[in-house]
Amino acid sequence: MQHIKLGKTDQLVSPIAYGAMSLVVDRRAEGKAAVARAYELGVNFYDVADVYGAPRGVSEEILGDALREASIPREDVFIASKCGIVFQGMVEAYEFKAYDLSARYIKESCEKSLKRLGMEYIDLYQPHRIDYLTHPEETARALDDLKAEGKIRHVGVSNFAPDEIRAISAYTRVESLQTQFSMLHLEPLETGLMATCQEKKMGILCWSPLHKAVLTGRSTSSHSDWRAQREDGVVAQLRPFAERYGVTLGQLALAWLMHLPGGVIPLVGTANPDHIAEAVAAADIQIERDDWYEMMVIARGRPMPWGQTPYAYLKER
Ligand SMILES: NC(=O)c1ccc[n+]([C@@H]2O[C@H](COP(=O)([O-])OP(=O)(O)OC[C@H]3O[C@@H](n4cnc5c(N)ncnc54)[C@H](OP(=O)(O)O)[C@@H]3O)[C@@H](O)[C@H]2O)c1
C-alpha cells in the first residue's frame, strides 16, 4: 500500500484511514484490536472527533489507549480529530445544542481532546461543521495559535461547502476536507467540492465511504422507502463488477473512490480487525477506466451526458 502526501504537506499518510467513530464502549477490546491490526497492515492515519462515542469523547480515549497498548510510536501515526459540535452535556443522546468555532471553544476543545487521547499534539485538527456565528478569520487564528503552540500540526475542515472552504482558506492554510462521499453519496463530484479541493491542493477524506455497510451488501438501508430501493438496486448492479474483479463489494466501493485524483482517502469505520484488513486490500485494486464510468452511471442512477444507461449496460452483458 503506497502512502501519499496529504494536501500541501510533506506528510505521508496511508491511502485508507481508520475511522475511529466505531470505537465504542461495547466493542472496546475488538476495536482496539482493529486499531492495532490497521497499523500492522500499513495504516498510519486515524480519524476521530471529540463527540464520538458514549459518553462523548470516549472514542478518543479508546484510540489513544489502543495505540499505546500496541506499543505504536506516536510519531508513526497521523491522528486527526475535530471540534465544534456542541451537545447538551456530552452524553449519549443526540441532543444538538449549537455549533461553536469561536477561538475560546476551539482552544478548550483541543485541550480536552489532547487529554483524552493522552497525546501532546494532534496531527490534523478539523472544525467539524461550519459555525455561522464565528467569522472564519477568528477560527483560522485560533487554529494557527494552536499550531504555533505545537498542539496541532495541520488544519483540515469537515463538512464545509466550496465557498466556506475558500473563506477559511483566505486566513489559514487548509490541508484537507472531510466530507460524506461514497458511491451512494456523490455530492462532492456534483457540487464542485472536489474541484475546489483540487484548486486548493487539499486532500479529501471521505466519511461513510461504505454508506454505513450498505455498500458491503451486509446491511440494507436504514430507510424503508424509495431510498432503500435505490440503494439495494445500486448494490445489485455492482455485484457483477465485484465478481469480475474478484473482490468484495466493500472493496470495490473503496477502490472506486481511491481512483479519484488528488488524494481521496476513505475513512473506514470498523471495530472488526478482519474488516479493516479487507479495506486495506482495496488499495491495490485497479479498476479499468470504462468500468469506473459504468459504476458511476450505476451510482448516479442516470447516464453520464452522452453515456449509456445502466439498463443498456446490463442488457449487453
Ligand atoms: N466528519 C463527519 O461529519 C463524519 C460523519 C460520520 C463519519 N465520519 C468519519 O468517517 C468514518 C467512517 O464512517 P461510518 O462509520 O459512518 O461509515 P462506513 O465506514 O461507511 O461504515 C461503517 C460500517 O460498515 C461496517 N463495515 C466496515 N467494513 C465492513 C466490511 N468489510 N463488511 C461488512 N461491514 C463492514 C462497520 O461495521 P463493523 O464495525 O462490524 O465492521 C460499520 O457498521 C467514521 O469513523 C468517522 O471517522 C465523519
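Me: How many residues does helix α8 have, and how far does α8 reach from its first C-alpha to its last?
Reply: Helix α8 (residues 226-245) has 20 residues and reaches 29 Å. That is close to the 28 Å expected at 1.5 Å a residue. The expected span is 1.5 Å times one less than the number of residues. Helices (H or I, at least four residues) and strands (E, at least two) are DSSP runs, numbered from the N terminus. This is a predicted model: local features need pLDDT of at least 70, side-chain atom pairs count only at pLDDT 80 or more, and totals for chains, interfaces and linings use all residues. Residues are numbered from 1 along each chain as its sequence is written.

Me: Where does α8 bend?
Reply: At L238, by about 30°. The bend is the angle between axes fitted to the seven residues ending there and the seven starting there. A proline, P240, follows within four residues.

Me: Which residues of α8 are buried?
Reply: E231, V234, V235 and L238. Buried means 20 or more other C-beta atoms within 10 Å of a residue's own, with C-beta atoms placed from the backbone; 12 or fewer is exposed, and in between is partly exposed.

Me: What do they pack against?
Reply: The buried residues of α8 pack against α9 and α11 (289-300). After α8 comes G246, with a positive phi near 70°.

Me: New topic. Is G31 buried or exposed?
Reply: G31 counts as buried because 25 other C-beta atoms lie within 10 Å. G31 sits in helix α1 (residues 28-40).

Me: What does G31 touch?
Reply: S22, L23, I62, A66 and A271, leaving out residues up to four places away in sequence. Contact means C-beta atoms, placed from the backbone, within 7 Å.

Me: How many residues are in the largest nonpolar core?
Reply: 86. Helix α9 (residues 249-258) gives the largest share, 8 residues. A nonpolar core is a set of buried Ala, Val, Leu, Ile, Met, Phe, Trp, Tyr and Cys residues joined through C-beta atoms within 7 Å. A17 is among those with the most contacts inside the core. Among the residues A17 touches are V43, L205 and I265.

Technical notes:
Two residues are in contact if their C-beta atoms, placed from the backbone, lie within 7 Å.
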